Amino acid sequence: MKPIVKEFQDDVKLTEEVQAQINNGVSADNLYVISHDDDRTKRVADHADANTVGVNEEGLGTAVKNVFRKKGDELRAKFEELGFSKDEAASLEEKLDHGKILLLIAS
C-alpha cells in the first residue's frame, strides 16, 4: 500500500507534523522525509526524528540505478518503488521542484 503524502513549504511545520503523527500512535519508523535536496532531506529528517527513503524502501536495484540518474529521474523512481503510479510520481517530483518538502506516512 502506498504511503500517505503530506506536503510542506516549511521545515518547521513538517517537524511539528511528525511529532503530531507520533503522538497519534504512528511509529517513527513509518515516517519518511523527502525533498529535492539531499542535504535538506537529511537535515530535516534528523531534526524531526523521521527517516529518509533508502535502499530498504526503494530496493537494491533502484538504488543502484539511481546512482546514474539525474535527480528528477531518481526521485520519480523512488516514488514508483513506493507504490505510486508514473503520473503520481511525476506530480510529486514536480512539487519537490517547486521547493516543497514531503512527509510520507507508511502503514
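This briefing walks through the fold, the sheet, the helix packing and the side-chain contacts of the protein above.

The model is predicted, so local features need pLDDT of at least 70 and side-chain atom pairs count only at pLDDT 80 or more, while totals for chains, interfaces and linings use all residues. Residues are numbered from 1 along each chain as its sequence is written, and side-chain values use heavy atoms, with hydrogens and water left out. The protein has 6 helices and 4 strands; helices (H or I, at least four residues) and strands (E, at least two) are DSSP runs, numbered from the N terminus. Of its 107 residues, 39% count as buried, where buried means under 20% relative accessible area, exposed over 50%, and partly exposed in between (1.4 Å probe, protein chains only).

**Fold and sheet**

- Reading from the N terminus, the elements follow the pattern β-α-β-α-β-α-α-α-α-β.
- The 4 strands form an open sheet with mixed pairing, in the order β1-β4-β2-β3; two strands pair if DSSP finds at least two bridges between them.
- At the edges of this sheet are β1 and β3 (51–52), each of which pairs on one side only.
- Strands β1 and β4 run antiparallel and are joined by 5 bridges. Here Lys6 stands opposite Leu103 of β4.
- Strand β2 (residues 31–34) also runs antiparallel to β4, with 4 bridges between them. Leu31 stands opposite Ile105 in β4, and Ile34 has Leu102 as its bridge partner.

**Strand β4 and its cover**

- How many residues of strand β4 (residues 101–105) are buried? The count is 5 of 5, so the strand is mostly covered.
- Ile101, Leu103 and Ile105 point one way from β4, whereas Leu102 and Leu104 point the other way, and all are buried.

**Helix packing**

- Two packed helices are described by the angle between their axes and the distance between the axes.
- For α1 and α2, the angle is about 40° and the axes are 9 Å apart. Axes are lines fitted to C-alpha atoms, for helices over the stretch in contact, and angles run from 0 to 180 degrees between N-to-C directions.
- That angle makes α1 oblique to α2; angles under 35 degrees count as roughly parallel, over 145 as roughly antiparallel, 65 to 115 as roughly perpendicular and the rest as oblique.
- The crossing of α1 past α2 is right-handed. A crossing is left-handed if the near helix is turned anticlockwise from the far one by less than a right angle, and right-handed if clockwise.

**Salt bridges**

- Side chains of opposite charge can pair when their charged atoms come close.
- There are 11 salt bridges in the structure; each is a side-chain nitrogen of Lys or Arg within 4 Å of a carboxyl oxygen of Asp or Glu.
- Glu88 pairs with Lys2, their closest N and O atoms being 2.4 Å apart. This pair links distant parts of the chain, with Glu88 in helix α6 (residues 86–97) and Lys2 in the segment before β1 (4–8), 86 residues apart.
- Both partners count as partly exposed, Glu88 with a relative accessible area of 29% and Lys2 with 35%.
- Arg43 and Asp11 meet in a salt bridge at 3.6 Å, N to O. Arg43 lies in helix α2 (residues 38–48) and Asp11 in helix α1 (residues 11–23), so the pair ties together parts that are 32 residues apart in sequence.
- Arg43 is partly exposed at 49% relative accessible area, and Asp11 is partly exposed at 21%.
- Within helix α2, Lys42 and Asp46 are 4 residues apart, about one turn of the helix. Their side chains form a salt bridge at 2.9 Å, N to O, and Asp46 is partly exposed at 46% relative accessibility.

**Aromatic pair**

- A pair of aromatic rings is described by the distance of the centres and the angle of the planes.
- The whole structure contains 1 aromatic pair. Rings of Phe, Tyr and Trp (its six-membered ring) pair if their centres lie within 6.5 Å; planes under 30 degrees apart count as stacked, over 60 as edge-to-face and the rest as tilted.
- The ring centres of Phe79 and Phe84 are 6.0 Å apart and their planes are at 90°, so this pair is edge-to-face.
- Phe79 is buried at 0% relative accessibility, and Phe84 is buried at 8%.
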